[in-house]
Amino acid sequence: MIIGLTGGIGSGKSTVAAMLAERGAYVIDADRIGHEVYLPGTPGWDQVVAAFGREVVAPDGTIDRRALGSRVFGDPEALGTLNRIVHPLIGQEIQGRIAAAPVTEGIPLVIEAALLLDAGWRPVVDVVWVVVTPRAAVIDRVGAQRGMAPADIEARIAAQTTDEQRRRLADVVIENAGDLVALRDTVDRLWSRVVGT
């Protein structure tokens with residue numbers, strides 16, 4: 001079984017992915033792949049720089065993700081340009097990693113992807129698990145973890161699929177409104193259901 005695990009910024013999906021990995025799931029982190037597809041020397045880097053200019057290149061030659069984010073979030077046309085560059089590259093890499101993943105009977109493969117639904121990758125997975133968190137908690141969490149201003153967080157939220165849309169497309173909704181103990185209990189129940197224990 002391939003589980004597509006998604007959720008908005010600050011929802012806690014990476015925490016859920018880590019909990020699933022602890023239980024034996026093989027996790028493919030599409031968000032990390034998203035950073036890799038435009039590393040220096042890749043076609044993705046060339047395309048991003050051609051589209052957005054040298055001002056999104058950091059002094060070390062990598063793409064400055066904060067500068068790129070400032071450029072695209074809040075500008076639907078720029079975000080669309082970036083997505084047209086990176087989504088196909090990420091999708092190809094995900095397919096390659098699925099093909100190379102170890103197969104263990106009864107143990108799911110998990111694709112953790114914030115953009116699972118936005119990028120049209122739903123056909124790649126068997127089921128969709130969505131992690132949702134109250135908006136105020138997201139703003140507090142992301143502000144504390146990443147040092148982002150509330151307005152920047154709001155712009156990122158606005159650029160993504162809404163939680164309401166995610167809920168409609170989900171097979172499983174994980175409500176992350178409590179503490180880590182409650183989240184772990186939810187993951188334990190879902191894991192038992194998946195692996196039949």
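Visitor: Which residue does R184 meet in a salt bridge?
Guide: R184 pairs with E22, side chain to side chain, at 3.1 Å from N to O. Keep in mind that this is a predicted model.

Visitor: Where do R184 and E22 sit in the chain?
Guide: R184 is in helix 9 and E22 is in helix 1, so the bridge links distant parts of the chain, 162 residues apart.

Visitor: Is E22 buried or exposed?
Guide: E22 is exposed, at 55% relative accessible area. R184 is partly exposed, with 33%.

Visitor: How many salt bridges turn up in the whole structure?
Guide: A search of the whole structure gives 12. One of them joins K13 and E112, with 3.4 Å between N and O.

Visitor: Are K13 and E112 buried or exposed?
Guide: K13 is buried, since its relative accessible area is 7% and the cut-off for buried is under 20%. E112 counts as buried too, at 4%.

Visitor: What about R97, which residue does its side chain meet?
Guide: R97 meets E36 in a salt bridge, at 2.7 Å from N to O. Because R97 lies in helix 5 and E36 in helix 2, the pair ties together parts 61 residues apart in sequence. R97 is partly exposed at 27% relative accessible area, and E36 is partly exposed at 30%.

Visitor: Okay, new topic. What's in the largest nonpolar core?
Guide: That core has 35 residues. The members that touch the most other members are V48, F52, I63, L68, I90, I94 and I111.

Visitor: Which helices and strands supply at least two residues each?
Guide: Those are helix 2 (30–36), helix 3 (43–52), helix 4 (65–72), helix 5 (76–100), strand 3 (109–112) and strand 4 (127–132). Helix 5 gives the most, with 8 residues.

Visitor: What does F52 touch?
Guide: Setting aside residues up to four places away in sequence, F52 touches L68, R71, V72, A78, T81 and L82.

Visitor: And how many residues are in the second core?
Guide: The second core is separate and has 17 residues, including V16, A17, L20 and W191.

Visitor: Let's talk about empty space. How do you look for it?
Guide: Rolling a probe the size of a water molecule over the atoms shows where space is left empty.

Visitor: How much space lies in the largest pocket?
Guide: About 1,400 Å³. The largest pocket is lined by 48 residues, and I9, H35, R65, R146 and R156 lie nearest its centre.

Visitor: Which elements give two or more residues to that lining?
Guide: For the largest pocket they are helix 1 (13–22), helix 2, helix 4, helix 5, helix 6 (135–146), helix 7 (150–159) and helix 9 (180–195). Helix 4 gives the most to this lining, with 6 residues.

Visitor: What kinds of residues line the largest pocket?
Guide: The lining divides into 20 nonpolar, 15 polar and 13 charged residues.

Visitor: And the second largest pocket, how much space lies there?
Guide: About 300 Å³. The second largest pocket has 18 lining residues, with T133, R135, I157, D163 and R166 the closest to its centre. Helix 8 supplies the largest share of that lining, 4 residues. By type, the lining splits into 6 nonpolar, 6 polar and 6 charged residues.

Visitor: Last one: where is V130 found?
Guide: V130 is found in strand 4, and V130 counts as buried, at 0% relative accessibility.

Visitor: What is V130 in contact with?
Guide: Leaving out neighbours within four places in sequence, V130 is in contact with T6, R166, A170, V172, V173 and I174. As for G8, its C-alpha atom and that of V130 are separated by 8.8 Å, and the two residues are 122 residues apart along the chain.

Technical notes: Residues are numbered from 1 along each chain as its sequence is written. This is a predicted model: local features need pLDDT of at least 70, side-chain atom pairs count only at pLDDT 80 or more; totals for chains, interfaces and linings use all residues. Side-chain values use heavy atoms; hydrogens and water are left out. A nonpolar core is a set of buried Ala, Val, Leu, Ile, Met, Phe, Trp, Tyr and Cys residues joined through side-chain atoms within 4.5 Å. Buried means under 20% relative accessible area, exposed over 50%, partly exposed in between (1.4 Å probe, protein chains only). Contact means heavy atoms within 4.5 Å. On a 1 Å grid over the protein atoms alone, a cavity is a set of points where a 1.4 Å probe fits but cannot get out, and a pocket is an open set with protein on both sides within 12 Å along at least five of seven lines; lining residues have an atom within 4 Å of a point. Grid points are joined across faces, edges and corners, and a volume is the space filled by probe spheres set on the points. Ala, Val, Leu, Ile, Met, Phe, Trp, Tyr, Cys and Pro count as nonpolar, Asp, Glu, Lys and Arg as charged, and the others, Gly among them, as polar. A salt bridge is a side-chain nitrogen of Lys or Arg within 4 Å of a carboxyl oxygen of Asp or Glu.
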